[in-house]
Amino acid sequence: MSDVARLADVSIATVSFVINETKPVTAATRKRVEDAMRELGYRRNALGRALASKRTRILAMLYPALQRRLHESAVEFFTSAAERARELDYSLVLWPISNDADQVQELIGNGFIDGVLLMEVQRDDARVEELTGSTMPFSLIGRTRDPKGLPYVDVDFESSLVEVIDYLEGLGHRKICLLDNGSAEHALVDYGPLVRTRATFAEEMERRGLDSVHVSCPDTPISGQEAVDELLATAPDTTAVILMNDSASFGFTTGLTKHGITIPRDISVVLFASTPDVAASTDPRLTLWRLPSTVLGRMGVESLVDQLENRAEEMTQSVAACTFEEGYSTGPAPAGNP
């Protein structure tokens, strides 16, 4: 810092103000300091800063990659969260460990991180119990069975799914299938999004007097094709499918084509809680209820930093609904088969 100050012809304190953004400096002075830093190859000593402040300014996003593949929507959560962390002068790292409380304990006990952002939350999540019993600040992207007293942001799967059913019923569909991700169910017991979506689907279909069908398959393209066989064998008069399985979507639409079934003339397909990239990976492009990944990733980081900076008046507990993006995979129920 002394070398930078000497070259820029400013005080060491002014260099510190520029680096740490603790006090305003003029644009001309900032430019001289930054030019001097580049010329000298100066880099802020992150370790020294951490030792001085007793903080690393590193946030860890815990994702159970050993149990759940890193799908497109998870990437959107991570990238938006990383961007917001950087804006707030923090670094976000993706920490791919299992949903095991012991591994969480090892992480929070090593002194490497200042806070934890938890993804893929189960309704009874051992990681949450471990974090609640520690002094480590944390926030959830997801909800437990009883989220009282927990900071979280989450997808409003319930109201979003009701909108999907409204939309399909308005097109005349009365026999609707929910095709979801069986891999998530086996890997993460009582996985929140899956449990809440299934419950809402069953309750809403019964309330409306509509015929419901449920099919679950692993998250692979070949499993999507096999799901078509299962659907045609058990409920061939189904006219609409709500697809909540990104990796199976391509195989599912391919399987329908192989059976001579045309989308949307013979059957309508809605991609639920996913991303535009997944919707565009099939022919035709799928009508989509898009996950609010970007919004929630940023909100999750803000919730965590609010705790670290002691600036939150109230604990963050917020949900965001999926948004409709029209595709080419939905239409009126086939005549004579409502």
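Mentor: In what follows, contact means heavy atoms within 4.5 Å. The model is a predicted one.

Leaving aside its neighbours within four places in sequence, Phe201 is in contact with Leu161, Ile165, Ile176, Cys177, Leu178, Ser212, Val213 and Ile242. Phe201 belongs to the largest nonpolar core, a set of 40 residues. Phe201 is listed there among the residues with the most contacts inside the core, together with Leu59, Val164, Ile176, Ile242, Phe272 and Val301. In soluble globular proteins, nonpolar side chains tend to be buried together.

Of its 338 residues, 49% count as buried. Its secondary structure comes to 14 helices and 12 strands, and its C-alpha atoms fill a box of roughly 85 × 45 × 35 Å along the principal axes. Among contacts with a separation of 6 or more, 72% are made by residues 24 or more positions apart. The protein exposes about 15900 Å², of which carbon and sulfur atoms supply 51%. As for charge, there are 33 positive and 50 negative charges, and their mean positions are 8 Å apart.

Two further residues may be examined individually. Thr14 is found in helix H2, which covers residues 12–20. Thr14 counts as buried because its relative accessibility is 16%, and the cut-off for buried is under 20%. The side chain of Thr14 makes a polar contact with the side chain of Ser11, at 2.9 Å. Beyond its neighbours within four places in sequence, Thr14 is in contact with Val25 and Thr29.

Arg285 lies in the loop between helix H13 (276–279) and strand S10 (287–290). Arg285 has a relative accessibility of 30% and therefore counts as partly exposed. Not counting residues up to four places away in sequence, Arg285 touches Pro276, Ala279, Ala280, Glu325, Gly327, Tyr328 and Ser329. Tyr167 is 118 residues from Arg285 along the chain, and the C-alpha atoms of the two are separated by 17 Å.

Notes
Residues are numbered from 1 along each chain as its sequence is written. This is a predicted model: local features need pLDDT of at least 70, side-chain atom pairs count only at pLDDT 80 or more; totals for chains, interfaces and linings use all residues. Side-chain values use heavy atoms; hydrogens and water are left out. A nonpolar core is a set of buried Ala, Val, Leu, Ile, Met, Phe, Trp, Tyr and Cys residues joined through side-chain atoms within 4.5 Å. Buried means under 20% relative accessible area, exposed over 50%, partly exposed in between (1.4 Å probe, protein chains only). Helices (H or I, at least four residues) and strands (E, at least two) are DSSP runs, numbered from the N terminus. Accessible areas come from the Shrake-Rupley method with a 1.4 Å probe; for residues, only the protein chains shown count as cover. Lys and Arg count as positive and Asp and Glu as negative; His and the chain ends are not counted. The place of a charge is taken as NZ of Lys, CZ of Arg, CG of Asp or CD of Glu. A polar contact is a pair of N or O atoms within 3.5 Å; within protein, one must be able to donate a hydrogen and the other to accept it, and residues adjacent in sequence count only if both atoms are side-chain atoms.
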